[in-house]
Structure formats: structure tokens, C-alpha cells
Amino acid sequence: MKELSFLVQYSNEEPHYTVTVRKEKRNITALCTCPQGSPGQLCKHRLNILSGKGKIIIGDNADQLKLVTSWIAWTDVGQALNKIAEAQKEIKKAEKELDEATAKLAKCQQELVDARSQLIKAMSD
Ligand SMILES: [Zn+2]
């Protein structure tokens, strides 16, 4: 069994927590000392560490994050993380489309208002 621990802090307002990742053959487990860190829950600390995002690491072993990334490749954890990344990408794309559609809707509504005013004016001339 291999094990790595990282001291993490997501924001300055937050206390320090420890994320521990264990590898036993192809089985990966990850725990965190934060309130959402137990099995059956998902916290941003573990999600960051497992996704290879080392910005939250405040300990001196950030270079070991590469090992975690190599451990999870080709595991069910890695697959699930890829799905999360894909879903996040799709959400961003959909949000952009929604913004564009919202802007188009506002433009069409304004055109309707203008056309109605024009009709009212044309009818009373
Ligand atoms: Zn956590």
C-alpha cells in the first residue's frame, strides 16, 4: 500500500486540512479531515488533489501531487474525474449559449416593443 498526505487550505478564511490518498493495487481511496471529508461525501479538497490541482497545497510536498495523478490514471476514480471534467466543460458551454440566447431574447423583445410603438404611431397619424 502506498499513501500520500497533503496539508491543504482552500481559502485564507479556512482552517488547514489534511487530504490523504491511498493506493492499494488499483484501488484508490481519499480522505480529508474537513467536515465533508468522510467516505460517501465529496469535498473540494479531495476533488482538487485528485484532479491534480496543487494550488491549495500549503505543505512542502506539492511535487508529490504528480504521483497521485499517475496513481489514478486508468482507475475508476480517474474515469469518474474525467466525467466531472467533461460535465464541467459542457456546463460552461451551455452557460455561454444561455448568455447568448438571453441577449438575443432581450434584443427581440426590444424590437417587438419598437414595432408596437411604430404601429401605434402609424395608426394614429
Ligand atoms: Zn476536505
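What follows is a set of questions and answers on this predicted model.

Q: What makes the arrangement around the zinc ion tetrahedral?
A: There are 4 donor atoms, and they subtend angles of 104 to 113°. Four donors count as tetrahedral if all angles lie between 85 and 135 degrees, so the zinc ion gets that label.

Q: How do you know which atoms are donors of the zinc ion?
A: Look at the distances: Cys32 (SG), Cys34 (SG), Cys43 (SG) and His45 (ND1) sit at 2.1 to 2.3 Å. The cut-off for a donor here is within 2.8 Å of the metal, so these atoms count as coordinating the zinc ion. Along the chain, the donors follow the spacing C-x1-C-x8-C-x1-H. Among them, Cys34 in the loop between β3 (27-32) and α1 (44-50) and His45 in helix α1 link distant parts of the chain, 11 residues apart. Cys34 and His45 are both buried.

Q: Why is the pair Glu3 and Arg22 called a salt bridge?
A: Their closest N and O atoms are 2.5 Å apart, and the limit is 4 Å between a Lys or Arg side-chain nitrogen and an Asp or Glu carboxyl oxygen. The pair therefore passes. Glu3 lies in strand β1 (residues 2-8) and Arg22 in strand β2 (residues 17-24), so the bridge ties together parts that are 19 residues apart in sequence.

Q: What makes Glu3 and Arg22 partly exposed?
A: Glu3 has 41% relative accessibility, and Arg22 has a relative accessible area of 29%. Buried means under 20% and exposed means over 50%, so Glu3 lands in between, and so does Arg22.

Q: Is Glu14 buried or exposed, and how do you know?
A: Buried: its relative accessibility is 12%, and the cut-off is under 20%. Glu14 touches Gln9, Lys44 and His45, leaving aside residues up to four places away in sequence.

Q: How do you know that Glu14 forms a salt bridge with Lys44?
A: Their closest N and O atoms are 3.5 Å apart, and anything within 4 Å qualifies. Glu14 lies in the loop between β1 and β2 and Lys44 in helix α1, so the pair ties together parts that are 30 residues apart in sequence. At 38% relative accessibility, Lys44 counts as partly exposed.

Q: What makes Lys107 and Glu111 a salt bridge?
A: The closest N and O atoms are 3.8 Å apart, against that limit of 4 Å. Both residues lie in helix α3 (residues 76-124), 4 residues apart, about one turn of the helix. Lys107 counts as exposed because its relative accessibility of 56% is over 50%. Glu111, with a relative accessible area of 44%, is partly exposed.

Q: Why is the link from Gln41 to Ser38 called a polar contact?
A: The two side chains come to 3.0 Å, and the cut-off for a pair of N or O atoms is 3.5 Å. Gln41 lies in the loop between β3 and α1. Gln41 also touches Pro35, Gln36 and Arg46, not counting residues up to four places away in sequence.

Q: What makes Gln41 partly exposed?
A: Its relative accessibility is 40%, which sits between the 20% and 50% cut-offs.

Definitions and conventions
Residues numbered from 1 in each chain as written. Predicted model: local features only at pLDDT ≥ 70, side-chain atom pairs only at ≥ 80, totals over all residues. Heavy atoms only, no water. Donors = N, O, S within 2.8 Å, 3.2 Å for Na, K, Ca; no water. Tetrahedral: all angles 85-135°; square planar, octahedral: opposite > 155°, others 65-115°. Helix = DSSP H or I, 4+ residues; strand = E, 2+ residues; numbered from the N terminus. Buried < 20%, exposed > 50% of the residue type's maximum accessible area, 1.4 Å probe, protein only. Contact = heavy atoms within 4.5 Å. Polar contact = N/O pair within 3.5 Å; in protein donor to acceptor, adjacent residues only side chain to side chain.
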